Structures are given as C-alpha cells and as structure tokens.
Amino acid sequence: MNKNTKSGRRDFVRGAAAVLIGGAVLSAGRSRSPRLVWQIDPAKCTQCGRCATHCVLAPSAVKCFHSYSICGYCDLCGGYLRPDAKNRNTGAENQLCPTAALQRKFIEMPYYQYTINEDLCIGCGKCVKGCSVFGNGSLYMQVRHDRCVNCNECAIARACPSDAFKRVPASDPYLLKSDQERRIV
Amino acid sequence: MKRYVVPPLGGFSPTGSRWTGRLKAVLHALVCMFFFFFGTTAHAEFRFPMPEFASGYTHPPVHVPGPSNMMVGWDIVVLLSTLTLASIFVLKHRKRREIFLLTLFSMIYFGFWRNGCVCSVGSVQNIMAGICDPDYGVPLTVLVFFSAPLIFALLFGRVFCAAVCPLGAIQEAVAVKPVKVPPAVEKVLSVFPYLYLGLAMLSVAMGAGFIICQYDPFVGVFRMGASFSMWIFGGLMLVLGIFVARPYCRFLCPYGVLLNWCSKLSRRHATITPAGCIQCDLCADSCPYNAINEPTPSEVPETREQGARRLGLLLLLFPVLVALGVGVGCLLKEPLSRMHPTVRLAERIAGEELGRYAETNIESEAFRASDTPNEKLYAEAMEIKEGFGIGRKWLGAFIGLVIGCKLVSVSILRKRTDYEPDRGTCYSCGRCFKYCPVQE
C-alpha cells in the first residue's frame, strides 16, 4: 500500500515534469521560423576587419563579394589600389588586398574588371572599405555558406560593432546589393 | 534592407569606334580623378556610372553557394536513434564496451562531423530566448534537441550523458585515469552548474548573448579552431579530464541541471546489479563520479529527534540563504549588467565624452558613424541595467535556494539496503556493471 502511493506520487511528479517540458517547448516554439542562417547586412557593415579575426574558422567564412552590375569598372579603383599607390598597375606594392585576392583584368579602354579569388580572400574588408569610400560600393562582405558552420551564436556577430549580422532564411541566404546579378550556386 | 538602384542589364552598345572609346577613357579618367581628390564630398547613390561596353562584354555571375549544413533533418533522426540505442545498451545489454563505442560515434558525428552545433546544452538558451522574445523563432531541430534528452531522462535516466552528448563523449574518451574526488568537494562544486545556468538564462533574457556557447570549451576542439583563451580553457579541461572524469559535466554543465532533475524522476534507471545486490562492496570504488550511494549503516548514528531538529534548523536557514543570495545579487549589479554589449558601449561612449580614454575604439567609432544620439544609447543602457536589477535578485534567490536544498539533501539520511546509483548524478556510463559478480 505504502509502496503504491509512493510510486503513484512519483508518476504524478514525472507527468508534471513532462508537461513542464512540453510547455517550455510549446511556448518557445510558438513563433516557428524557417531554418535561418547568418548573413551580413552590407548597409550596416563598417569594415572594421573583425570578420577576418573573430570567426571560429580560419580563414573566416566571411569573404568579399562583388556585384558587377553596380561596378564602375574604373581604372583608378579605390578597392584595388592603395591610396598611396605610385602606379595604377598590378604591382604588389600598389595593391590594397594583403593576399592579392582581388584580381584585375583589362576589358576595353578604359574599363577593368575586378574579380575576387575566393580561395585567397581572408575577409579583412580592406577592399570593401576602399570601394565604399571611393567607389560605388560594389565590393561588400558576405558570409559564404559553403564555409559557414552556422553556429548557434555567431562569434563574429557577437564581436560586430555595428550590429550588421542578422539571421536570414536559409532558402535565400545572401543579401546581395543588386538584384541584377546572375547567380550560380 | 536598403536596396540599391540598379541599371538594367544589357543595353551595352555592341559597336563603337576607336575614337569614342578614347573619348570615354579620357572622360572616365577625369571623373575618377575628380572623385579621387574630392570624393568624400560626393553623396550620390553611385559615384561612377555603369559603363557601356563596346566589346559586347557581359559580366560574370556571382558565386552564391547554398548552406552546406543542410543535414539538420538527419540530425534529429541520429539524435533519436542514438538515444534509443543508448537506452537499450544501458538498461538491457549492460555492456560498457557497447556504450563506449556509441559514445565515440556521437563524439565523431555530433562533434567532429557536425561541428558540435546545435547541441542540447546550448539549446536551453534558444528555448529561453524563444520564451522571452515572441519574435525569436526557434527551429524544430532545436526544440527536439532540447526536449528529447529530457524526455529520455524522465524515462530511462541520463542516457543522453552516457552516450549521445558530444561534450560528454570527448571527456569520456580522455578519462583514462580517473581519481575519486572527495564527496564533500564534489557537493560544493556541484553548485556551479546552477549558478552557470542562472547566469546563462539571465544573459539570454536580457539579450546579452549566449554565454554557454561562448564559453564552450570543446567546440573549438571539434572545429579545430578557437580563440587562444578558449584553446587554453579547452586544453586544461581535457588534461584535467584525464584524472577528474568529466569535469565540465559535473561542475559546469548547465543542461546537466535539468537532466539531473528529470533523471531523479526517471521511470527506469540503470542498476549496478542485474539481479539482487549481495552487498559485496566490489562496486563501491568503481564510480569516478561519486554517483554510487552506499547502503546506510544498520545502526542509526543519531536519534530521530536530533535529525528532526537539524532539519528544522536548516529549513529555518532557507529564508536567510535566499536573503543572502539577493544581497549578493544586489552587490553584483554593475559587473552583471556589463555582460550586455549596449551597456559596455554606453559606458565607453560616456567615458570618451568625459575624456577618460585617449583613443576611440572600434565599437565607439561604429556607433558614432551610425549617427545615433548619445542620449538614446544612454537611455537604452539604463533600461537594460534596470532589467538586470530585477534579474540579479532572482538569480541570487535561486542560488540561495539551491544551496539550501543541497544542505538539506546532505543532512537527510535515506534508508538504503543496497548499493545504488544516485539517480540524479549517475551518467549511466556503465563502468560499474562489470564489477558486480551477480549473474542474471
């Protein structure tokens, strides 16, 4: 008899605990969201350089993106050349990019195409700063989702001084500056 | 998000004479030079016009690879099946080797392969964030990762800790020479998980970030990359884990608190002996976690009145402990609120305004660039501090209550005739199984 009442009480408390867990789950999940991934809002990014240093991955999952459709194709490119560059050529001493990931190709007078070598880019944002200070802002930072491990709390988001990181739906994981871009997955 | 005005694609003139090309070159260079020297004063949407190419050039596409971590559906399947397998191994097969192999699998799958995210330990924060903020969407995976181990603990004990949790698994893998921690030390240190849980919940509720993820010592090992200090912390934990088995689980893990509560109520639980205990004493030293309760001595060391009086005193101590906790919480107002980045930023900005710092830092520069008035930031910071003011009292009261409960639990003498695993703290690791000479 004593044992029965004891086990009955135990069952009751267990049931109450289960209800509590269910309640927590229901209450937390009341606004269900699609699967979300981290992304940088280019309008907020201040190119502080922390993307290169604060990612849990080395090199960072953040890399530079180039929206060709808003690029001026300038010869004198603020993203490519150092401000104190002696010459407007591909000499290493003239380049802003520390890893020579931003590559320049002649198209026609006077236009040059700038391409990012994704394997070399470390996401330091130096070219992005140059392009936004003197240029159209066609270079900008984005989280590359083939590299991002999608941490529960992004380590760069925590360190970001301008609150530029946000979660976006995994079905549309990029915040490109231009809708005119041809995309390849 | 701000959308940019973009000229339509195409429309590039297919032909163009050499002269127009030269002319365009000169003009473009002039425009560039002009802006290079006076560029900062120009505030057009686009400084430079998009060129029209004579050579029929079309620009290359942008590479936008999709998320690589799309196996989340599989994660739920693997989680539920490893939990089921662990329950079978612990309760039915009773073989340490099988449990350990499953542990290694979990370490490799959830840890090294899936990079240790999202894990059940961290999911507590998402649940709290979802409860506090109606707009914070919690994905289904996280809901399952939070609830499944708890439900399994209610049914079968902490089988999640035994063989599924990647954080537990990596510590189980390095625990080659475990020594016994004195039970008194163990009891004192076991208050820390409650403190950690309380701090983490306070941090999430105030929007100050996920500290459990931030100070996860082993996720850096799984990803082969972490900050220097976290490498040191993770490395120390692993080295310590060789001698003190599962230091994180026992003395820090906040999710372990919930598992402990659920496991205390478990419907079935791992037993040391497959049949009846013969009090042979062989298993007494087999548990590196101090989770085996010995049979109580036949003669009671004190009279019933003495025990009742002590219990009464301890119960009277409860309000004192809670008040003490609230008091300590009140003292911690400033350091606690500094967990929040907005409060830190506001203090920095105020300090800079007062000339306390010689230089600006990245945060203050970014804030100044955003053109937000200082007063708005200060008001926001004050509001957050206010929130912490309430939260820290709750946290202090909670810790006081926990300490009181711990004191009561060590002072109550429960009658036990057999060697039994402590349902709350037993990780169901199965080390004690082979020490029992009783055959089924």
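**Figure 1. Strand 2 and strand 5 of chain A run antiparallel, joined by five bridges.** Strand 5 covers residues 139-143. This is a predicted model. One bridge can be picked out by its residues: A:Val62 has A:Val143 as its partner in strand 5. Strand 2 is mostly covered, with five of its five residues buried.

**Figure 2. A hairpin connects strand 3 and strand 4 of chain A.** Two residues make the link between these strands. The strands pair in the antiparallel sense, and six bridges hold the pairing. Look for A:Glu108: its bridge partner in strand 4 is A:Tyr111. Strand 4 is mostly covered. Five of its six residues are buried.

**Figure 3. A salt bridge joins the side chains of A:Lys166 and A:Asp41.** The N to O distance is 4.0 Å. The two residues lie in distant parts of the chain, 125 residues apart. A:Lys166 belongs to strand 6 (residues 165-169) of chain A. A:Asp41 sits in the loop between strand 1 (36-40) and helix 2 (50-54) of chain A. Are the two residues buried or partly exposed? A:Lys166 counts as partly exposed because its relative accessibility is 32%. A:Asp41 is buried, since its relative accessible area is 7%. Why can such side chains pair at all? Side chains of opposite charge can do so when their charged atoms come close.

**Figure 4. Chain A and chain B meet, with 77 residues from chain A and 77 residues from chain B in the contact.** The area buried between the chains is about 7100 Å². Carbon and sulfur atoms give 62% of that area. Three residues stand out on chain A: A:Arg14, A:Asn152 and A:Arg182. They supply 10% of the area that chain A buries against chain B, more than any other three residues.

**Figure 5. Polar contacts and salt bridges cross between chain A and chain B.** There are 22 residue pairs in polar contact across this interface. How many salt bridges are there between chain A and chain B? The count is two. In one salt bridge, the side chain of B:Arg267 meets that of A:Asp11, at 3.9 Å from N to O. Several elements of chain A each supply at least two residues of the side that touches chain B, including helix 1 (2-28), strand 2 (62-66), strand 3 (102-108) and strand 4 (111-116). Which element gives the largest share? Helix 1 of chain A does, with 11 residues. Sorted by class, the side of chain A that touches chain B has 38 nonpolar, 18 polar and 21 charged residues.

**Figure 6. Strand 7 of chain A pairs with strand 1 of chain B.** The pairing is in the parallel sense and runs over two bridges. Strand 1 of chain B covers residues 62-63. In one bridge, A:Arg183 is partnered by B:Val62.

**Figure 7. B:Glu172 and B:Arg431 form a salt bridge between distant parts of chain B.** Their side chains meet at 2.5 Å, N to O. B:Glu172 lies in helix 7 (residues 166-174) of chain B. B:Arg431 lies in the segment after strand 3 (420-421) of chain B.

**Figure 8. B:Arg338 and B:Glu347 meet in a salt bridge.** The N to O distance between the side chains is 2.8 Å. B:Arg338 counts as partly exposed because its relative accessibility is 37%. B:Glu347 is also partly exposed, with a relative accessible area of 26%. A separate network in chain B joins B:Arg96, B:Glu172, B:Arg246 and B:Arg431 through salt bridges that share partners.

**Figure 9. B:Arg246 sits in a loop of chain B.** The loop lies between helix 12 (228-243) and helix 13 (247-251). Is B:Arg246 buried or exposed? It counts as buried because its relative accessibility is 0%. The side chain of B:Arg246 reaches the backbone oxygen of B:Cys161 at 2.9 Å. Leaving out residues up to four places away in sequence, B:Arg246 touches B:Cys161, B:Ala162, B:Gly168, B:Gln171, B:Glu172, B:Tyr289 and B:Tyr427.

Terms used. Residues numbered from 1 in each chain as written. Chains lettered and ligands numbered in written order. Predicted model: local features only at pLDDT ≥ 70, side-chain atom pairs only at ≥ 80, totals over all residues. Heavy atoms only, no water. Helix = DSSP H or I, 4+ residues; strand = E, 2+ residues; numbered from the N terminus. Buried < 20%, exposed > 50% of the residue type's maximum accessible area, 1.4 Å probe, protein only. Polar contact = N/O pair within 3.5 Å; in protein donor to acceptor, adjacent residues only side chain to side chain. Contact = heavy atoms within 4.5 Å. Buried area = accessible area lost by both parts, 1.4 Å probe. Nonpolar A, V, L, I, M, F, W, Y, C, P; charged D, E, K, R; others polar. Pairing = 2+ DSSP bridges.
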